[in-house]
Amino acid sequence: MKESLDAPAERASAYDRPNASFDWEGQLEVRASAAMSCRRALWYAATGHESTPPDDAALTVMETGRALEPVVLNAMQRAGWEVEPADAGRPTKVVLQLTPTVKVTGHPDATGRMPLFGEEAVIEVKTRGPSAFKRWQALGAERSHPDSVAQAALYTYGLFGEARDAVVATMDTGDRTWDTEVIPAERVERALERTSEWLAPLGAHYATHGADPESLPERDFEAGSWRCRSCPFLATCLPGDAEDAEAPDEETPEVTDEEARQAVAAYVAARESLREPEGAKRQALDILKGWMRRQSSAKAELGNHTVSLVRSTRYAVDHKRLNALLDPEARAEIVTEQISESVRIS
Ligand code: SF4
């Protein structure tokens with residue numbers, strides 16, 4: 001179901017609502033962007049528990065996302081997409097009743113059509129830092145950012161009343177590269193089912209306990225997870241963890257600022273001392289490559305050395321096509337994740 005907001009106060013609050021609240025009919029109203037959030041956190045929000053406001057860095061991230069949204073949509077239009085952005089002053093409100101007591105509401109970023117073909121589809125716009133952008137391209141939205149797929153599915157059903165292909169458009173905030181992923185209609189349908197299954201126990205909790213702020217649903221995430229570390233209710237839910245987050249990590253060896261400064265200076269000095277020989281090596285190899293290309297054999301004796309022209313073939317994976325062809329479970333078996341840590345100095 002869709003409706004437009006009219007009153008100025010309503011418009012102003014359209015984008016700054018709590019993630020969950022009780023409406024005038026006594027329904028539990030959850031924001032579409034938070035539909036897959038921790039259910040205990042949604043309960044805290046709805047029942048008026050005190051939350052920790054976002055810090056300056058988090059506010060900057062949020063403001064960057066909002067500011068870049070029209071930039072992404074303009075770029076899509078230039079690339080041939082037919083795009084209809086949301087009217088910022090009169091956004092279309094989508095309301096979807098997911099359980100007898102829970103409804104999800106939100107405001108789609110835009111709708112549009114793919115170049116050359118396609119029916120009108122929801123476009124969900126996201127901005128990501130460089131590594132999260134690469135992760136999204138490699139893993140696909142359902143695996144890297146399932147919340148955004150749930151959001152697109154909720155808007156699709158809210159606007160069109162049926163499953164349709166939906167589009168997640170993402171911009172890398174580092175170099176402003178952008179890309180799109182089309183979520184086929186059958187996966188949009190599954191995303192809606194997953195969201196309904198996720199919120200159903202919260203609806204049951206409400207039906208059993210009423211709007212009791214003291215009776216809390218189970219925690220959905222473990223202490224120490226990134227979800228909890230960025231949760232505005234961490235101090236209420238896991239007070240010990242909130243203190244730990246402020247205390248220094250005992251297992252990390254203590255390094256003074258002066259030691260860190262000396263390490264940077266040592267690194268830069270070592271890098272500078274290597275730069276000249278590395279440049280000379282590269283120049284010599286370029287000369288030899290040109291010479292070897294004119295030889296009849298891939299190996300030649302020169303002085304007391306054997307010089308070889310080595311050819312290797314590299315294979316590239318088109319992640320976009322892979323993501324379109326495979327469902328998230330199959331992709332998870334093919335594209336696996338490895339985490340490494342390193343320090344970069346620039
Ligand atoms: S701290 Fe973690 S478990 Fe507790 S409400 Fe927040 S996300 Fe949920």
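Residues are numbered from 1 along each chain as its sequence is written. Because the model is predicted, local features need pLDDT of at least 70 and side-chain atom pairs count only at pLDDT 80 or more, while totals for chains, interfaces and linings use all residues.

Reader: How far apart do the C-alpha centres of domain 1 and domain 2 lie?
Author: Domain 1 covers 2–213 and domain 2 covers 257–308; such bounds come from an automatic or database domain assignment. The separation of their C-alpha centres is 51 Å.

Reader: Which residues around the ligand come nearest?
Author: A residue is near a molecule or strand if its C-beta atom, placed from the backbone, lies within 6 Å of it. The shell holds 13 residues, and those that come nearest are C38, R219, C228, C231 and C237.

Reader: Which elements give two or more residues to the shell around the ligand?
Author: Elements here are DSSP runs numbered from the N terminus: helices are H or I of at least four residues, strands E of at least two. The contributors are α2 (39–46), α8 (226–229) and α9 (234–237).

Reader: How many residues of each class does the shell around the ligand have?
Author: Ala, Val, Leu, Ile, Met, Phe, Trp, Tyr, Cys and Pro count as nonpolar, Asp, Glu, Lys and Arg as charged, and the others, Gly among them, as polar. The shell has nine nonpolar, no polar and four charged residues.

Reader: What distance separates the end C-alpha atoms of helix α3?
Author: The expected span of a helix is 1.5 Å times one less than its number of residues. Helix α3 has 23 residues (56–78), so it should span 33 Å, and this agrees with its end-to-end C-alpha distance of 33 Å.

Reader: Where does α3 bend?
Author: The bend at a residue is the angle between axes fitted to the seven residues ending there and the seven starting there. In α3 this angle is about 35°, with the proline P70 following within four residues of the bend, which is at L68.

Reader: Which residues of α3 are buried?
Author: Buried means that 20 or more other C-beta atoms lie within 10 Å of a residue's own, exposed 12 or fewer, and partly exposed in between, with C-beta atoms placed from the backbone. The buried residues of α3 pack against strands including β4 (82–85) and β8 (121–128). They are E69, V72, L73 and M76.

Reader: What phi does R176 have?
Author: Most residues other than glycine have a negative phi. R176 lies in the loop between β9 and β10 and is exposed, with 12 other C-beta atoms within 10 Å. Although R176 is not a glycine, its phi is positive, about 60°.

Reader: What distance separates the C-alpha atoms of P53 and P232?
Author: P53 lies in the loop between α2 and α3 and is exposed, with 8 other C-beta atoms within 10 Å. P53 and P232 are 179 residues apart along the chain, and their C-alpha atoms are separated by 6.7 Å.

How values were computed: Contact = placed C-beta atoms within 7 Å.
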